[in-house]
Amino acid sequence: MVCCHTRGQVNSLVINIEHQRDTDLSADSVWEEMRHFDRVLKWIPRGDESTVTVKGEGVGMVRDIQLATMGYVQHRLLAYDDEKRMFSYELTAGKPLGMQDYTVVATVTPIDADHCTIRWAGRMTGDGSVDEAEIGHALETALGNMTTGIIAVLKGEAPDFVQQPRVDD
């Protein structure tokens with residue numbers, strides 16, 4: 001890992017989160033892992049105890065995830081661009097971490113032939129059950145853990161996940 005940056009901004013009940021990390025892996029190898037909408041369980045804490053089912057193909061496909069850490073969530077793929085190494089999805093069911101709804105955009109950007117930046121940007125609304133800043137911090141951690149998981153999978157290493165607020169408390 002070369003650097004890591006996470007930035008959060010909270011306005012009213014809308015929470016904007018960005019997490020990005022530079023890594024010593026090529027953009028092509030990272031994208032080849034991330035581009036698969038059904039591989040998310042390989043990148044998260046306790047993913048081996050969770051399940052995912054994908055319905056449909058391409059933009060509009062839906063993944064149903066039963067997370068060992070926080071129960072049921074459902075995502076719909078909103079956008080996908082192989083050339084730009086980008087996809088976007090939205091929450092369509094469940095309320096993970098106290099979120100009412102959210103949309104996430106994931107991108108992989110080359111730095112050079114052997115390095116890239118993994119970036120997640122999200123916009124979500126709290127469900128009113130907890131402080132928005134707490135939700136934002138929990139989401140920042142979740143996105144960081146997914147990045148850690150992706151890098152660990154590609155390097156054949158065990159991930160060193162950060163304790164997840166609102167889940168591990």
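Reader: What share of the 169 residues in the protein chain is buried?
Author: This is a predicted model, numbered from 1 along each chain as its sequence is written, in which local features need pLDDT of at least 70 and side-chain atom pairs count only at pLDDT 80 or more, while totals for chains, interfaces and linings use all residues. Side-chain values use heavy atoms, with hydrogens and water left out. Taking buried as under 20% relative accessible area (1.4 Å probe, protein chains only), the share among the 169 residues is 46%.

Reader: Which element has the lowest mean pLDDT?
Author: pLDDT is the predictor's confidence in each residue, from 0 to 100, and the chain averages 87. Over residues 1-12 pLDDT stays under 50, though the model still has 30 contacts (heavy atoms within 4.5 Å) beyond four places in sequence there. Helix H1 (residues 27-34) has the highest mean, 98, and the lowest, 44, belongs to strand E1 (residues 3-11).

Reader: In what order do the elements run from the N terminus?
Author: Helices (H or I, at least four residues) and strands (E, at least two) are DSSP runs, numbered from the N terminus. The chain has two helices and eight strands. Their order is β-β-α-β-β-β-β-β-β-α.

Reader: How much space lies in the largest cavity?
Author: On a 1 Å grid over the protein atoms alone, a cavity is a set of points where a 1.4 Å probe fits but cannot get out. Points are joined across faces, edges and corners, and a volume is the space filled by probe spheres set on them. Searching the whole structure turns up one cavity of 30 Å³ or more. The space in the largest cavity is about 340 Å³.

Reader: How many residues of the lining of that cavity are nonpolar?
Author: Lining residues have an atom within 4 Å of a point; of the 24 here, Ile-44, Leu-67, Met-70, Ala-142 and Met-146 are the closest to the centre. H2 supplies the largest share, five residues. Ala, Val, Leu, Ile, Met, Phe, Trp, Tyr, Cys and Pro count as nonpolar, Asp, Glu, Lys and Arg as charged, and the others, Gly among them, as polar. With four polar and one charged, the nonpolar count is 19.

Key: 1 Å grid on protein atoms, 1.4 Å probe; cavity = no way out; pocket = protein on both sides within 12 Å on 5 of 7 lines; lining within 4 Å. Buried < 20%, exposed > 50% of the residue type's maximum accessible area, 1.4 Å probe, protein only.
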